[in-house]
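This briefing covers helix packing, the chain interface and salt bridges. Please read it alongside the sequence and the coordinates.

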2 protein chains.
Amino acid sequence: MKYITELEAFLPKDRISTNTTILEQHSQDESYHTPSLPVVVIYPENAEEVSRVMEIANNHKVPVVPFGLGSSLEGHVIPYHGGISIDFSLMDKIIDVMPDDFLVKVQPGVSRSKLNQELKKHGLFFSVDPGADATLGGMAATNASGTTSVKYGIMRDQVRDLEVVLADGTIMHTGNLAAKSSSGYNLNGLFTGSEGTLGCFTELTLRVYGIPEMILAGRATFHTIDSAVDAVVNILSAGIQVARIELVDEDSIKQVNKYSETNYAEMPTLFIEFRGNEAGLMQDIEFTKEILADLNHDTFEFEKDTQAQNKLWEARHTVAYAYKHGFPGKQLMTTDVCLPLSELAGAIKSAKQALKEYNLDGGIVGHVGDGNYHTTLMFDTENPVEVENAEKYNKHIVEYALNRGGSCTGEHGVGIGKMKYQAEEHGKALQAMKAIKLSLDPNNILNPGKIFPNE
Amino acid sequence: MKYITELEAFLPKDRISTNTTILEQHSQDESYHTPSLPVVVIYPENAEEVSRVMEIANNHKVPVVPFGLGSSLEGHVIPYHGGISIDFSLMDKIIDVMPDDFLVKVQPGVSRSKLNQELKKHGLFFSVDPGADATLGGMAATNASGTTSVKYGIMRDQVRDLEVVLADGTIMHTGNLAAKSSSGYNLNGLFTGSEGTLGCFTELTLRVYGIPEMILAGRATFHTIDSAVDAVVNILSAGIQVARIELVDEDSIKQVNKYSETNYAEMPTLFIEFRGNEAGLMQDIEFTKEILADLNHDTFEFEKDTQAQNKLWEARHTVAYAYKHGFPGKQLMTTDVCLPLSELAGAIKSAKQALKEYNLDGGIVGHVGDGNYHTTLMFDTENPVEVENAEKYNKHIVEYALNRGGSCTGEHGVGIGKMKYQAEEHGKALQAMKAIKLSLDPNNILNPGKIFPNE
């Protein structure tokens with residue numbers, strides 16, 4: 001194909017591949033979505049190379065799909081229309097740490113754990129922590145979030161500037177280094193979460209935070225999942241500034257215990273973390289104890305040292321992997337709705353009931369401080385009944401959320417998994433989104449067949 | 001004109017006007033920008049009426065400029081190309097307070113003080129506080145911020161959903177009621193700060209906060225403005241969670257004392273506020289005292305009661321009015337750059353020197369925790385030398401900021417005042433913004449001649 005010849009003309013041989021194993025690596029993510037091969041995989045080293053790739057792709061109207069670590073749960077990186085998969089693994093440099101400005105400049109292939117290792121030397125950390133050790137480029141593309149978003153915000157809140165290569169090869173910046181700006185349209189926010197459909201990120205300037213004076217984490221167990229959710233609402237309403245407040249249901253605790261070799265009580269549990277100065281933190285904890293006592297909770301225990309705290313959050317983060325491990329041969333589907341806090345208890349109750357109704361293996365975890373919860377479902381993609389039930393279950397969960405002012409995806413993004421709910425969620429706004437997409441990518445080469453149905 | 005006949009056909013007589021006094025009221029804002037009359041002013045009562053107005057305007061390619069209270073400082077509401085001024089003063093209802101979800105739904109004509117009066121009954125408050133008692137529609141249109149943004153974020157951070165009427169009359173929603181979402185493009189962020197160039201807001205769902213357990217505010221005075229700025233950097237680097245940290249220079253304190261009948265020491269001053277639980281707040285204050293002592297500050301005094309605290313923030317908010325009062329016959333120009341925190345001290349030093357060089361009356365105040373400061377300039381718009389010097393001064397301030405990764409406007413917006421700096425600030429991204437504008441408003445009827453030069 002002519003475009004491959006043009007790519008080969010400027011890329012060294014070891015940075016362009018049509019090898020089957022390489023193509024297969026770039027054909028899938030970590031979920032149940034059906035793999036599909038790209039035609040060619042390239043490994044750029046800088047923005048100028050990405051720009052040249054885009055120009056060639058745009059001239060030939062060939063699809064371009066950016067690829068970080070492939071940890072998506074909604075098929076974002078799967079090239080259903082073939083074309084070029086741009087693998088950013090060679091663009092993995094931490095360019096600049098700016099401690100006085102609480103900023104860091106990185107290339108898109110840097111993983112969040114690598115960034116945090118570096119930041120630790122400066123007494124800083126990066127706040128967003130999805131389960132996977134994703135790349136920062138991928139996290140910005142999908143507007144990822146995680147356990148600490150209740151305090152520090154989502155990925156979009158951390159993006160101060162993106163260097164973006166547009167479909168026509170233009171290299172531009174979406175922001176600047178200032179903490180706020182009212183100049184021009186908010187391109188930072190627009191490109192964050194655009195899932196590779198508006199441009200490829202080649203550099204990110206992100207907000208970082210000082211490591212707080214004190215961090216304390218613990219587990220509160222409850223006799224019912226309802227009282228666990230009530231506790232979240234009451235804690236937040238009391239103005240207690242939790243840094244993390246995570247629900248893990250009894251079924252998920254069971255998987256965690258098996259996989260992480262913990263022996264947590266197999267009951268509905270909140271993993272809670274407090275951060276701040278010592279005096280304020282202690283007052284918050286006392287207040288939290290009172291709230292929990294009013295709700296007739298079971299236990300509320302703090303992890304004594306950093307190691308035990310790390311173990312706790314590692315256990316929380318490996319829930320999805322624990323399920324994968326616990327159900328060999330089955331595939332993972334994760335629901336991801338987000339609702340107004342006042343609707344959360346009802347939503348989770350309905351989700352638990354529906355698991356039984358559809359006879360599915362799975363459990364519920366959630367970033368409940370944000371109103372975001374996941375059902376982790378394991379099903380056999382070869383069994384048509386299980387597939388149908390899993391799809392029906394997801395649909396039930398999404399429609400429950402959309403009918404109550406919620407969103408079909410709190411943090412995993414649309415990809416192909418949530419495409420079918422876009423019209424219902426966004427109504428006429430979906431036309432405005434399409435108009436924007438078309439204005440920046442008239443040939444629809446950028447991650448085609450994602451977000452927008454029928455493309 | 002035919003479009004006026006069409007408007008008159010469905011709007012009652014008392015809600016459409018071509019009366020000269022009314023036109024003049026809608027021809028100006030609170031700044032030095034030259035007034036210009038609209039052809040007609042209309043007062044809609046709901047989104048459907050705004051939609052019909054837009055359809056008529058779009059058919060006839062007539063400009064539409066939304067108008068809140070006219071408190072803009074950059075000429076946003078001035079209809080330089082005539083046409084229709086839509087006055088939202090009749091759409092001033094607080095539609096729904098949702099305390100459990102920390103949300104409120106309002107019409108665009110509600111002022112921030114009216115909203116806060118209502119929220120107080122629920123133990124809640126709305127955080128964004130620009131100097132003026134602006135409307136929430138106007139604040140969303142310009143992405144306003146203010147003294148509390150260092151803790152609670154800017155206007156864009158509060159917007160959960162906007163009902164927007166597009167140029168073709170389409171009524172759509174940009175968001176939902178969930179605390180976070182990764183579904184589709186971030187239209188909340190794009191429309192917030194779009195300054196009436198992408199659509200008119202007819203309903204806003206905004207985030208609100210619980211009134212904290214304790215609030216304490218005080219004033220710290222310094223012998224030099226440099227040490228005041230150093231104090232800000234050191235306080236933030238120490239991880240102390242200030243809710244407000246505002247610089248007021250000695251010249252501005254002088255105007256405040258005259259206007260607000262206060263007798264604050266006429267020295268560089270930080271107005272600082274702490275919020276939180278009592279124990280945490282007291283620890284933060286002790287730590288702050290140590291930092292200030294290290295910098296050889298002059299005094300650090302707390303206001304004893306709520307009344308004195310309110311007086312302090314009222315004084316801070318009236319700085320611009322104090323200048324207007326202190327220089328009768330002169331007009332107000334306010335610079336509004338925002339820089340990375342590490343560049344702030346140098347920027348303010350340069351701004352002070354330049355005031356002398358250009359022989360201008362004015363002083364400096366700033367939301368220094370965000371790196372955003374204003375020089376309030378008073379000048380005679382009839383005196384060509386003063387006008388030229390004021391323009392040169394503003395240009396100097398802006399270029400200093402842009403050369404150091406900053407923005408030409410931290411919170412006042414572009415309007416017409418910052419239009420000339422858009423190309424320099426955004427580079428190639430300005431083309432992307434124009435493409436987006438054109439995709440949603442192909443006839444350029446929405447607030448034409450704002451943000452984008454040469455239109």
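**Helix packing and chain contacts**

Helices α1(A) and α3(A) run roughly antiparallel to each other, because their packing angle is about 160° and angles over 145 degrees count as roughly antiparallel. The model is predicted.

**α1 and α3 of chain A**

- Helix α1 of chain A spans residues 2-10 and helix α3 of chain A spans residues 47-60, and their axes lie 10 Å apart.
- The crossing in which α1(A) passes α3(A) is right-handed.
- From α1(A), the residues in contact are K2(A), Y3(A), E6(A), L7(A) and F10(A), and they meet E49(A), R52(A), V53(A), I56(A) and H60(A) of α3(A).
- Sorted by class, the residues of this contact of α1(A) with α3(A) comprise five nonpolar, one polar and four charged.

**α10 and α13 of chain B**

- In chain B, helix α10 (residues 250-260) and helix α13 (residues 319-326) have axes that come within 9 Å and cross at roughly 75°.
- α10(B) and α13(B) are therefore roughly perpendicular to each other, as angles of 65 to 115 degrees are classed that way.
- On the α10(B) side the contact involves D251(B), S252(B), Q255(B), V256(B) and Y259(B).
- On the α13(B) side are V319(B), Y321(B), A322(B), Y323(B), H325(B) and G326(B).
- The contact of α10(B) with α13(B) is made up of six nonpolar, four polar and one charged residues.

**Interface of chain B and chain A**

- Each chain puts residues into the contact: 76 residues from chain B and 76 residues from chain A.
- Between them, chain B and chain A bury about 5500 Å², with 56% of it on carbon and sulfur atoms.
- K180(B), S182(B) and Y185(B) account for 18% of the area that chain B buries against chain A, more than any other three residues.
- Four salt bridges are found across the interface of chain B and chain A.
- A salt bridge joins the side chains of E411(B) and K180(A), with an N to O distance of 3.0 Å.

**Salt bridges overall**

- Over all chains, the count comes to 56 salt bridges.
- Within chain A, D129(A) pairs with R244(A) in a salt bridge whose closest N and O atoms are 3.2 Å apart.
- D129(A) sits in the loop between β7 (124-125) and α5 (136-142) of chain A, and R244(A) sits in strand β13 (residues 242-248) of chain A, so the pair ties together parts 115 residues apart in sequence.

Definitions and conventions: Residues are numbered from 1 along each chain as its sequence is written. Chains are lettered from A and ligands numbered from 1 in the order in which they are written. This is a predicted model: local features need pLDDT of at least 70, side-chain atom pairs count only at pLDDT 80 or more; totals for chains, interfaces and linings use all residues. Side-chain values use heavy atoms; hydrogens and water are left out. Axes are lines fitted to C-alpha atoms, for helices over the stretch in contact, and angles run from 0 to 180 degrees between N-to-C directions. Helices (H or I, at least four residues) and strands (E, at least two) are DSSP runs, numbered from the N terminus. Angles under 35 degrees count as roughly parallel, over 145 as roughly antiparallel, 65 to 115 as roughly perpendicular and the rest as oblique. A crossing is left-handed if the near helix is turned anticlockwise from the far one by less than a right angle, and right-handed if clockwise. Contact means heavy atoms within 4.5 Å. Ala, Val, Leu, Ile, Met, Phe, Trp, Tyr, Cys and Pro count as nonpolar, Asp, Glu, Lys and Arg as charged, and the others, Gly among them, as polar. Buried area is the accessible area (1.4 Å probe) that two parts lose on being put together, summed over both.
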